[in-house]
Amino acid sequence: MRTVGMSEGTSWNGMMQVLGDIKGYTYVVKVEHSDDKSENASHYDTRNYVTPSFEQRYNVGDYDKRVTAGELFLDHIGKLTERMQFRIKNRTGLSRTTTHDYLYHPDTLLLASQLDALAAITDVNNSYDSKLRSLTNTTEISIYTRNELQPDKKSSTNWQLGLQVPFTRHSLDYQRGSIDTLATNTTLFVTPWLSYGRKTAKNHELHLNISHTETTANIYDMINYRDDSNPLVVKLGTPGLKGHASTSAGMEYFSRGSGHNQKQWNASASFNYHHRDVSQSVMYNPASGVYTYKPENVSGTYIANAKFQITNFIGEKRFWTWQNITDANYHHSLDHSMLAGDTESHVNAVNTLTLHDGAYIQYNKGALNVRATGDIRWRHSEGKMQDFETLNATDFQYGLSARYTLPRLNTTLSADGNMYSRRGYGSSELNTDDFVLNASISQPFLKGKLIARIEAFDLLHQLSNTQYTVNAQGRTETWYRSLPHYVMAHLVYHWNKNPKKK
């Protein structure tokens with residue numbers, strides 16, 4: 001299918017916000033309105049090689065969306081005991097969204113006299129009017145302690161217990177072809193969280209947290225509609241669709257040196273379990289080449305992380321610094337995928353283990369800064385599908401950077417060179433070595449108020465405007481529209497005006 005199109009439109013929005021405080025109650029009142037209008041035209045040429053045929057289609061779209069919304073936010077902090085406080089926050093919102101999205105086929109005109117008869121060329125199954133009214137209210141209550149570490153104490157403990165109750169009610173008046181319905185959706189969630197922190201006089205800190213979150217599904221995805229405005233892509237709704245729900249837990253430990261011991265390190269770990277996600281299932285018709293997409297719920301994705309970081313300053317004057325960061329990530333991803341030869345997607349699992357280590361050593365004294373860096377990342381992806389090729393890929397980078405400011409002239413010269421390498425991917429386009437060299441020069445004028453700077457990125461023209469990535473389901477994605485190499489001039493003027501002293 002070959003598509004050619006054009007569009008034009010206008011968009012504007014206005015917002016007014018008032019905030020203040022009345023006897024310890026902070027409030028924010030916000031009102032806003034937006035209006036988006038656009039017209040578009042598309043020309044589709046669809047050629048079928050299995051059953052030889054050729055079809056041309058002309059689409060003209062008329063889109064108008066208006067949103068009017070208001071919101072009131074209240075926040076109050078109070079004291080329960082000498083060491084315990086409470087906080088109550090409430091956010092209430094009202095909104096009205098009117099959408100007019102019509103599709104026309106001017107190529108279906110039979111007679112010139114029908115030119116003004118929009119009904120004759122309107123695609124009623126792909127045109128709709130909707131009026132959505134939404135009421136949201138989120139009440140959040142938390143109890144927490146505020147214990148500062150005193151000089152005569154060896155440790156202090158702080159904890160916070162909170163509960164958030166989001167309420168949402170949607171009322172949708174929806175007209176599309178033979179569909180004329182008033183749909184309502186009301187959800188009420190209870191999402192608690194708990195955090196704990198402990199700090200000692202020897203600069204050790206421990207933080208623990210656990211939380212649960214839920215969101216409501218998009219009500220438009222819950223309408224039983226069919227959109228085939230694109231000849232090869234059909235979109236369906238899913239009545240009964242539910243939103244996202246997840247539970248996460250984490251811990252972090254800090255250790256900071258004191259006196260002559262300048263070493264700092266911290267370790268952390270987290271786990272996030274997705275009770276429910278929204279995934280796009282797909283069906284394929286090999287006779288027509290049409291893909292049909294439909295949102296569905298999947299459950300069971302989880303992500304586990306662990307990280308260790310250490311930083312050390314060498315010598316009393318701290319001219320030398322070195323740092324090392326090591327982390328691991330395990331991602332059990334569940335998503336709809338269509339295997340080779342199948343015509344319908346199924347929920348498939350891909351397990352990805354990523355190990356990473358990055359380090360640098362730096363010398364920084366006065367106007368001179370020199371840093372050497374190294375970074376390596378290994379990824380192992382294994383899928384449960386028959387046609388999934390196990391991936392063992394390594395990305396590594398190493399380089400050197402330097403910056404120096406010339407005395408008296410105050411001219412700053414900087415340069416950095418890095419080698420970016422990738423190995424183990426299934427495509428030769430991914431297994432590359434790119435040496436990227438950058439440089440810049442800057443000069444201040446007028447006692448530092450005016451700064452002129454020229455920078456050059458990728459002097460050797462090693463980067464392309466195509467980037468390749470591999471996502472959690474093992475698919476290779478290509479992203480365009482990057483600027484691979486350039487020279488840019490900057491001119492910056494700093495101007496400050498301080499109030500007069502009384």
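**Paired strands and salt bridges**

Modeller: Let's open with strand β20 (residues 412-423) and strand β21 (residues 433-445), which pair in the antiparallel sense over 10 bridges. The model is predicted, so local features need pLDDT of at least 70 and side-chain atom pairs 80 or more, while totals for chains, interfaces and linings use all residues. Residues are numbered from 1 along each chain as its sequence is written, and side-chain values use heavy atoms, with hydrogens and water left out.

Colleague: What makes β20 and β21 a pair?

Modeller: Two strands pair if DSSP finds at least two bridges between them. β20 and β21 have 10 bridges, so they pass that rule. For one of the contacts, look at Met-419, whose bridge partner in β21 is Phe-435.

Colleague: And how do you know that β21 and strand β22 pair?

Modeller: By the count of bridges: β21 and β22 (residues 450-457) have seven, in the antiparallel sense. Ile-441, for instance, stands opposite Ile-454 in β22. The two strands form a hairpin with four residues between them, and Leu-446 in the turn has a positive phi of about 50°.

Colleague: What is the tally of helices and strands in the protein chain?

Modeller: One helix and 25 strands.

Colleague: How do you know where confidence is lowest and highest?

Modeller: From pLDDT, the predictor's confidence in each residue, from 0 to 100. Strand β24 (residues 476-479) is lowest at a mean of 59, and strand β5 (residues 128-145) is highest at 96. The chain averages 89, with 91% of the residues scoring at least 70.

Colleague: Why is the contact between Arg-276 and Glu-214 called a salt bridge?

Modeller: The term takes a side-chain nitrogen of Lys or Arg within 4 Å of a carboxyl oxygen of Asp or Glu. Arg-276 and Glu-214 come to 3.5 Å, N to O, so the pair qualifies. It links distant parts of the chain: Arg-276 in strand β13 (residues 264-285) and Glu-214 in strand β9 (residues 204-214), 62 residues apart.

Colleague: Why is Arg-276 called buried, and Glu-214 partly exposed?

Modeller: Buried means under 20% relative accessible area, exposed over 50%, partly exposed in between (1.4 Å probe, protein chains only). Arg-276 has 18%, so it counts as buried. Glu-214 has 23%, so it counts as partly exposed.

Colleague: What makes Asp-433 and Arg-423 a salt bridge?

Modeller: Their closest N and O atoms are 2.7 Å apart. This pair also links distant parts of the chain, with Asp-433 in strand β21 and Arg-423 in strand β20, 10 residues apart. Asp-433 is partly exposed because its relative accessibility is 39%, and Arg-423 is partly exposed because its value is 34%.

Colleague: How many salt bridges are there by this rule?

Modeller: The count comes to 11. Among them is Arg-57 with Glu-55, whose closest N and O atoms are 3.9 Å apart. Elsewhere, Asp-35, Asp-64 and Arg-66 are linked in a network of salt bridges.

Colleague: How do you know that Arg-318 is partly exposed?

Modeller: Its relative accessible area is 42%, so it counts as partly exposed. Arg-318 is in the loop between β15 (302-314) and β16 (320-337). Its phi is near 60°, a positive value in a residue other than glycine.
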